[in-house]
Amino acid sequence: MNPTDSHSNSHPLNINGVQRHLPLFKVQPDLAIAVLNILGDTELTEAAAAALQQRMADIDFDVIVTAEAKSIPLAYALSVHSGRPYVVLRKNYKSYMGEALSTETLSITTGKTQTLYLDAKDRAAIQGRQVALVDDVVSTGSTLAAMRTLMAQAEAEVAAVAAICTEGNAEQWAEVIALAHLPVFPLSA
Ligand SMILES: Nc1ncnc2[nH]cnc12
């Protein structure tokens with residue numbers, strides 16, 4: 001690495017002309033990832049939503065579904081661009097969520113198992129509908145698998161999977177509509 005390069009500990013990302021340098025973050029003793037955090041980044045979120053909406057223009061979907069937390073602004077922006085409502089799968093159960101559905105997922109950023117809940121009202125909103133699953137980064141596929149499980153339980157059909165970035169093994173994510181691919185960074189112990 002070049003010590004004079006101020007971005008030597010980052011990975012470049014360009015979405016629809018919006019440039020960012022993603023900081024590298026160690027998530028396991030032997031692995032770092034380039035962290036994409038769109039929270040607070042209206043310009044990047046907007047650029048991504050506009051580009052994804054274009055890529056999804058020919059897909060017939062009724063509802064956008066995302067999981068807490070970092071991708072919520074993307075789902076909101078895509079909702080505005082596409083005119084479709086969005087649903088958020090939650091990480092904590094609240095009493096107002098009624099007869100929610102739930103399933104487990106393993107997070108690469110925390111290394112911990114998490115539960116995803118589908119609120120009873122959202123369950124009714126997607127039953128028998130075509131959904132687009134949306135995430136900021138599709139990485140290990142654990143969140144995506146949990147989202148698919150909940151969609152099957154709720155009798156919703158997955159019409160598309162879309163993300164700002166795929167990560168890791170690009171071939172594994174050929175089905176994902178994505179705007180960029182992030183490598184992972186093996187570290188020597
Ligand atoms: N590169 C990444 N940035 C943010 N969240 C992630 N989750 C998995 N990979 C990620």
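Tutor: Gladly. Keep in mind that this is a predicted model. Let us begin with the pockets.

Student: How much space lies in the second largest pocket, and which residues lie nearest its centre?

Tutor: The second largest pocket holds about 170 Å³ of space. It has 14 lining residues, and those nearest its centre are Gln 28, Leu 31, Ile 108, Ser 139 and Thr 140. By class, its lining has eight polar residues, five nonpolar and one charged.

Student: And how much space is there in the largest pocket?

Tutor: The largest pocket contains about 500 Å³. Its lining is made of 30 residues, with Lys 70, Thr 109, Asp 136, Val 137 and Thr 143 closest to the centre. The classes here are 13 nonpolar, 11 polar and six charged.

Student: Which residues of helix 4 are buried?

Tutor: Leu 144, Ala 146, Met 147, Leu 150 and Met 151 are the buried ones. They sit on the same side of helix 4, because the arc they cover around the axis is only 160 degrees.

Student: What about Thr 149, is that residue buried, partly exposed or exposed?

Tutor: Thr 149 is in helix 4. Its relative accessibility is 33%, so it counts as partly exposed, a class that runs between the 20% and 50% cut-offs. The side chain of Thr 149 also reaches back to the backbone oxygen of Ala 145, at 2.9 Å.

Student: Now the backbone angles. What should I look out for?

Tutor: As a starting point, most residues other than glycine have a negative phi, and most peptide bonds are trans. Exceptions deserve a look.

Student: Which residue follows helix 4 with a positive phi?

Tutor: That is Glu 155, with phi near 60 degrees, although it is not a glycine. Glu 155 lies in the loop between helix 4 and strand 9 (157-167). With 52% relative accessibility, Glu 155 counts as exposed.

Student: Where is Asn 16, and what is its phi?

Tutor: Asn 16 is in the loop between strand 1 (10-15) and strand 2 (18-28). Its phi is positive, about 55 degrees, and Asn 16 is not a glycine either. Asn 16 has a relative accessible area of 55%, so it is exposed.

Student: And the peptide bonds: is the one from Glu 68 to Ala 69 cis or trans?

Tutor: The bond from Glu 68 to Ala 69 is cis, and its omega is near 0 degrees. You will find Ala 69 in the loop between strand 4 (63-67) and helix 2 (72-82).

Methods. Residues are numbered from 1 along each chain as its sequence is written. This is a predicted model: local features need pLDDT of at least 70, side-chain atom pairs count only at pLDDT 80 or more; totals for chains, interfaces and linings use all residues. Side-chain values use heavy atoms; hydrogens and water are left out. On a 1 Å grid over the protein atoms alone, a cavity is a set of points where a 1.4 Å probe fits but cannot get out, and a pocket is an open set with protein on both sides within 12 Å along at least five of seven lines; lining residues have an atom within 4 Å of a point. Grid points are joined across faces, edges and corners, and a volume is the space filled by probe spheres set on the points. Ala, Val, Leu, Ile, Met, Phe, Trp, Tyr, Cys and Pro count as nonpolar, Asp, Glu, Lys and Arg as charged, and the others, Gly among them, as polar. Buried means under 20% relative accessible area, exposed over 50%, partly exposed in between (1.4 Å probe, protein chains only). Helices (H or I, at least four residues) and strands (E, at least two) are DSSP runs, numbered from the N terminus. The arc is that of the directions from the helix axis to the C-beta atoms. A polar contact is a pair of N or O atoms within 3.5 Å; within protein, one must be able to donate a hydrogen and the other to accept it, and residues adjacent in sequence count only if both atoms are side-chain atoms.
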